[in-house]
Structure formats: C-alpha cells, structure tokens
Amino acid sequence: MQLHDFALAQVGKPFVWGRMDCNTLAAQALDLATGSSVFDSIYGRYSSLRSALRFQCANPTPRTILDRAGAEIVTTPQDGDFLLSDIGGITACNICLGEFALSADIAKGIQLVPVSEIPYYQIWRLPSCHK
C-alpha cells in the first residue's frame with residue numbers, strides 16, 4: 001500500500017486516543033515506509049490526553065523513533081515527510097502529502113489539512129521516501 005492510499009483511507013475516521021490519533025497514524029506511515037513495527041508497540045497503550053502524555057514521557061519520543069529509522073531533519077516539507085508540532089505539551093506528528101497533511105483532530109477526527117495551517121516546528125524525512 002502506498003502512503004497516499006493509506007492516508008486517504010484514514011480520512012473521516014474518528015479520533016481515538018491510542019488507536020486513531022496523530023501518533024498511531026505516524027507509526028502506521030513509518031511502518032509502511034520502513035517495514036518496522038512501531039504501530040504494534042504503541043496501539044492501545046493510552047486512552048486519554050493524560051495517559052498519552054505519560055506514555056510519551058516514558059517511551060521513545062517521535063523524534064527518537066524517526067532518528068532511529070534513519071530520518072533526517074530538513075527545512076522544506078515534501079510528500080512523505082513527518083511534521084512535528086507541540087500541541088498542549090504533547091508531540092503531535094502529521095504526515096505531509098504535498099500541499100496537505102494527514103492530521104488528527106480531537107473534535108474533527110482524521111482529516112487532510114493544508115500544510116500551511118500545521119504549526120510544525122520540525123520536518124523529518126525518511127531516506128526511503130525520496131529515492
């Protein structure tokens with residue numbers, strides 16, 4: 001399955017902490033791109049904002065996971081890049097799909113949002129995404 005197909009299949013699904021949120025979406029995209037099993041290690045491990053914060057404090061951060069996968073920080077987003085944001089103390093991860101990003105919103109669920117509306121502070125790129 002290609003990243004765009006995966007992303008489009010997620011749009012419109014409801015937000016659920018630990019099952020369908022920004023971190024689980026990013027983990028699935030990472031697994032798709034690298035063959036890793038990050039999603040299996042986080043799925044269902046938290047069920048609220050509070051437990052998500054505890055989970056992120058006790059486990060490797062999204063930055064650490066991306067670094068271990070061989071991703072590098074870049075300055076301009078492209079297809080397949082991971083856009084990291086700080087949302088209320090939690091690191092949120094969005095997936096760049098050209099001018100849009102796959103994003104998880106507590107109230108609106110999984111949606112495509114213009115990249116220009118994502119308050120990201122770091123862009124991570126996997127080498128396998130641009131060969």
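**Exercises: charges, fold and one glutamine**

The chain carries 10 positive and 12 negative side chains, and the centres of the two sets sit 10 Å apart. Here Lys and Arg count as positive, Asp and Glu as negative, with His and the chain ends not counted; each charge is placed at NZ of Lys, CZ of Arg, CG of Asp or CD of Glu.

Keep in mind that this is a predicted model: local features need pLDDT of at least 70, side-chain atom pairs count only at pLDDT 80 or more, and totals for chains, interfaces and linings use all residues. Residues are numbered from 1 along each chain as its sequence is written, and side-chain values use heavy atoms, leaving out hydrogens and water.

**Exercise 1.** Work out how many helices and strands the chain has, and in what pattern.

*Solution.* Start with the count: 5 helices and 6 strands. These are DSSP runs (helices H or I, at least four residues; strands E, at least two), numbered from the N terminus. Then read along the sequence, and you get α-α-α-α-α-β-β-β-β-β-β.

**Exercise 2.** Decide whether Q122 is buried or exposed, and find what it touches.

*Solution.* First, locate Q122: it's in strand β6, residues 120-125. Next, check its accessibility: Q122 has 19% relative accessibility, so it counts as buried (under 20% relative accessible area; exposed is over 50%, partly exposed in between; 1.4 Å probe, protein chains only). Now list its contacts (heavy atoms within 4.5 Å): leaving aside residues up to four places away in sequence, Q122 touches R63, I73, F82, L83 and L84.
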